[in-house]
Amino acid sequence: MITTDIIIIGAGPTGLFAVFEAGLLKLKCHLIDALPQPGGQCSEIYPKKPIYDIPAYPEILAGDLTDKLLEQCKQFQPGFTLGERAETVEKLEDGSFIVTTNKGTKHKAPVVAIAGGLGSFEPRKPLIDNIVDYEDKGVEYMIKEPEMYRDKAVVIAGGGDSALDWSIFLADVAKSVTLVHRRNEFRGHLDSVEKVQELKNEGKINLITPAEITAVNGNGKLESVEITKKDEAPMTLETDHFVPLFGLSPKLGPIANWGLEIEKNAIKVNNALDYQTNIPGIFAIGDVNTYPGKLKLILCGFHEATLMCQAAYQIINPGKRYVLKYTTVSGVDGFDGTRKEAPKAVVKAIE
Amino acid sequence: MDDLDVNITIIDRDGVKHNVNAPTDMAMNLMEVIRSYELAPEGTIGICGGMAMCASCQCYILTDTELPEMQDDEEAMLSEAFYVKDNSRLSCQIPITPEIDGLEVEIAPES
């Protein structure tokens, strides 16, 4: 069991900044994120895109913003549970919460802050009726253990970087690799596209374009897929695995079933006070919340995170006195023993 | 209707037809117009914010209105999207300009 002061669900910019603000109040944070790396959308969807409305940054790449937020909160030693999705929340008699992930990791804290953005990123599934029947029986939407494909026949569908990269990687592992894409063009790094071309020429990748997987078949497990080339009759290809790689799309997911008030696919919060949800002790900050006049901006998430931390302090330290302090005056004392402070002014008399 | 407005017809995901005015002077795109009139629930359209990096704002063009040509990123995104038809476009890539007055579109299903 991981114990902390604030469990933050979502390691995007709002969640990372909450770690810093909590740290100033001597509160420890642990972040849970379904993605394998921190940064949320900034890292997953658009790391190379510039953002122009972060105060004091005329221009900053989304990926760099993540790096700077990590650097800023580093001395408060946040814990991370990455690549796992927060699945359930349980309120204990003493008012604290246990948040359990889809992999069974348990986290305990008196305060939960949901900073989940648009939700957790789930693979987009192709529109094939019975595909769910073969999930984990030959159909996988992401490749977790490449060794699973050793000496197996694999069909990959998709036209982006992940489809290209895995086709290249598995060409040396699998018995056969078939890459199916709806177009002749691929949207990937030039190197990857050229490498696939090379492997195709060597006969190591069977490239079928423009085509789509139109059916999956098998008895209890996947045995074959139906491939339909544009304007041609469908053909059947025997295979052990089918890996559709059509990108990720965010879904609010299990959080929607936590008994929180949901409106417009977002969590309703009290914006007059502290961004608390209808469940005391559970807050929602950043893009995941909604209130009258809500704007989904990173800078608004920073503000909401700051107010949430003050409320969390009151819950964790009931009755304990505190007033807001300025980092310029007080400096920053890290949990790792480091201290940042303004250099003392030099005072010297003129003789 | 403001002089700077154009008139657009949008069929929502429930098949309901909406006739809306959209300003041409606010650098808006069609996805944003759909959101501003709340014709699709928040969180189901314009998820990537308008970077042609998801296909949540896909729509079908029902008129022969002349639209700006598709760029590579839009074409690539549509090649990976679902429910794509020959008349599919990403509405975030269609700016609101005087030329598109009278445009009629249907929002594609959520996927």
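In this predicted model, the buried residues of helix α3 of chain A are covered by elements that include α1 (13-24), α2 (41-44), β4 (50-51) and β5 (60-61) of chain A. Chain A is assigned two domains, domain 1 (2-121 + 249-340) and domain 2 (131-246). The centres of these two domains, taken over C-alpha atoms, are separated by 38 Å. Chain A also touches chain B, through a contact that takes 19 residues from chain A and 14 residues from chain B.

**Helix α3 of chain A**
- A62(A), L65(A), T66(A), L69(A) and C73(A) are the buried residues of α3(A).
- These residues lie on the same side of α3(A), because they cover an arc of only 100 degrees around the axis.
- An α-helix has 3.6 residues a turn, so residues three or four places apart point the same way.
- Helix α3(A) runs over residues 62-73, and its 12 residues should span 16 Å at 1.5 Å a residue; the end C-alpha atoms are 17 Å apart, which agrees.

**Helix α4 of chain A**
- Helix α4(A) covers residues 161-170, and its buried residues are S162(A), A163(A), L164(A), W166(A), S167(A) and L170(A).
- Those buried residues pack against the strands β12 (153-157), β13 (176-180), β14 (205-208) and β18 (241-244) of chain A, and against helix α5 (190-201) of chain A.

**Positions annotated in UniProt**
- An unreviewed UniProt entry places the feature "binding site" at T14(A), D33(A), Q41(A), Y46(A), A86(A), F121(A), D287(A) and T328(A).
- The annotated positions do not all gather at one spot, because they span 315 residues in sequence and the farthest two C-alpha atoms are 38.2 Å apart.
- One of them, F121(A), is in strand β11 (residues 120-123) of chain A, and F121(A) counts as buried because it has 21 C-beta neighbours inside 10 Å.
- Apart from neighbours within four places in sequence, F121(A) is in contact with A34(A), L35(A), E44(A), L248(A) and P250(A).
- Another, D287(A), is in the loop between β22 (282-284) and β23 (289-290) of chain A, and D287(A) counts as buried, with 28 C-beta neighbours inside 10 Å.
- Leaving out neighbours within four places in sequence, D287(A) is in contact with G117(A), L118(A), K296(A) and G301(A).

**Backbone details in chain A**
- The peptide bond from T209(A) to P210(A) is cis, and its omega is near -20 degrees.
- P210(A) sits in the loop between β14 and β15 (211-217) of chain A.
- K26(A), a residue other than glycine, has a positive phi near 60 degrees; K26(A) is in the loop between α1 and β3 (29-33) of chain A.
- K26(A) is partly exposed, as 14 other C-beta atoms lie within 10 Å.
- Y275(A), also a residue other than glycine, has a positive phi near 65 degrees; Y275(A) is in the loop between β21 (266-268) and β22 of chain A.
- Y275(A) is buried, with 24 other C-beta atoms within 10 Å.

- On the side of chain A that touches chain B, seven residues are nonpolar, six are polar and six are charged.
- Y37(B) lies in the loop between α1 (30-36) and β3 (58-61) of chain B, and Y37(B) is partly exposed, with 15 other C-beta atoms within 10 Å.
- Beyond its neighbours within four places in sequence, Y37(B) is in contact with H18(B) and V20(B).
- Y37(B) and A22(B) are 15 residues apart along the chain, and their C-alpha atoms are separated by 9.7 Å.

Terms used:
Residues numbered from 1 in each chain as written. Chains lettered and ligands numbered in written order. Predicted model: local features only at pLDDT ≥ 70, side-chain atom pairs only at ≥ 80, totals over all residues. Contact = placed C-beta atoms within 7 Å. Nonpolar A, V, L, I, M, F, W, Y, C, P; charged D, E, K, R; others polar. Buried ≥ 20, exposed ≤ 12 C-beta atoms within 10 Å, placed from the backbone. Helix = DSSP H or I, 4+ residues; strand = E, 2+ residues; numbered from the N terminus. Domains from an automatic or database assignment. Expected span 1.5 Å × (residues − 1). Arc of directions from axis to C-beta. UniProt positions renumbered as here; feature names shortened; annotations may be inferred.
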